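This briefing looks at how parts of one protein chain pack together. Look at the sequence and the structure first, then read the points below.

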Amino acid sequence: DEDIDIPMKILITGGNGRLGKLLKEEFLEAGYTVHTPTRLEVDWSSAVESNKAIERKGYGLIIGCAAYTDVQKAETDKAKCHTDTYATALNTARAAKLHNVPFVYISSDYVIPIIRGEGGGVYAQAKYRAECAVIREGGRIVRVAFTTEEQVRNWSFVNAYSKSNRWWVDEAVKPLMESIKDSTLPQVHEIGPEIPVTPCDLLEKRFPDHPALLNKVSRPEQMKELVGYAAPSDSTFFNYRNGTKNLRWSRLT
């Protein structure tokens, strides 16, 4: 009889959020076994609960999607953003390391301005701290540039100057899954669409009547005045020079 390959057993933290659900569907369709416990079942910000959830469960991979998601609300909800993003990533990474399970943390391009020394909001700061914690514990990072309908719902203006290289979340899932599966990639890996767009372009694609389109911010100074910091004017993952695509951020990690 031929040997039968048993699909890898995967755990996704935050697997009931928008990105987690889509990732789960992709991995299930590919034949993997996927577990996505709810917040009520596991508090990933707790070291004790993280250990109990992973110990002797036979996971072959843990994917960290659990994080605070409301970028704007984070500015006034700092403690919860810190707990849901940084503490969750830290304790999951430690538990994964303790039980010798590979851990891939899903981060955001929001951290790029911080890495460049240009500042960032509470959400970005929490994500960056989470990245640092995961790296210290030996986990991998996949930074992905995406946005969701929930995120754009409360937008009051759009950035018309920055080439943000951002997908809608459903467009990001397949390339994200491939990056997660590829253990040969560097410890910090960035993915984003190859054709840069502005947030203005992104919104016009699906919500052409969105009121934020009436307030187009065209200069970095305007954005800084509105939110206290400005994304870099060339905030793209890929740098197009002489027709050659090169990873821009690898030198920073």
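**Helix packing and nonpolar cores**

In this predicted model, helix 3 passes helix 5 in a right-handed crossing.

**Helix 3 and helix 5**

- Helix 3 spans residues 78-98 and helix 5 spans residues 122-136; their axes lie 9 Å apart, at an angle of about 15 degrees.
- Angles under 35 degrees count as roughly parallel, so helix 3 is roughly parallel to helix 5.
- On the helix 3 side, the residues in contact are Lys78, Cys81, His82, Thr85, Tyr86, Ala89, Leu90, Ala93 and Lys97.
- Helix 5 meets them with Val122, Tyr123, Ala126, Lys127, Arg129, Ala130, Ala133, Val134 and Arg136.
- Of the residues in this contact, eleven are nonpolar, five are charged and two are polar.

**The largest nonpolar core**

- The largest nonpolar core contains 22 residues.
- Leu19, Leu23, Phe27, Ile63, Ile106, Leu176 and Ile180 have the most contacts inside this core.
- At least two residues of the core come from each of strand 1 (9-13), helix 1 (18-29), strand 3 (61-64), strand 4 (103-108), strand 5 (140-144) and helix 7 (169-181).
- Helix 7 contributes the most, with six residues.
- Leaving aside residues up to four places away in sequence, Ile180 touches Leu23, Phe27, Leu61, Ile63, Val104, Ile106 and Arg140.

**A separate core**

- Another core, of 19 residues, lies apart from the largest one.
- Its residues include Val42, Ala53, Ile62 and Ala67.

Definitions and conventions:
Residues are numbered from 1 along each chain as its sequence is written. This is a predicted model: local features need pLDDT of at least 70, side-chain atom pairs count only at pLDDT 80 or more; totals for chains, interfaces and linings use all residues. Side-chain values use heavy atoms; hydrogens and water are left out. Axes are lines fitted to C-alpha atoms, for helices over the stretch in contact, and angles run from 0 to 180 degrees between N-to-C directions. Helices (H or I, at least four residues) and strands (E, at least two) are DSSP runs, numbered from the N terminus. Angles under 35 degrees count as roughly parallel, over 145 as roughly antiparallel, 65 to 115 as roughly perpendicular and the rest as oblique. A crossing is left-handed if the near helix is turned anticlockwise from the far one by less than a right angle, and right-handed if clockwise. Contact means heavy atoms within 4.5 Å. Ala, Val, Leu, Ile, Met, Phe, Trp, Tyr, Cys and Pro count as nonpolar, Asp, Glu, Lys and Arg as charged, and the others, Gly among them, as polar. A nonpolar core is a set of buried Ala, Val, Leu, Ile, Met, Phe, Trp, Tyr and Cys residues joined through side-chain atoms within 4.5 Å. Buried means under 20% relative accessible area, exposed over 50%, partly exposed in between (1.4 Å probe, protein chains only).
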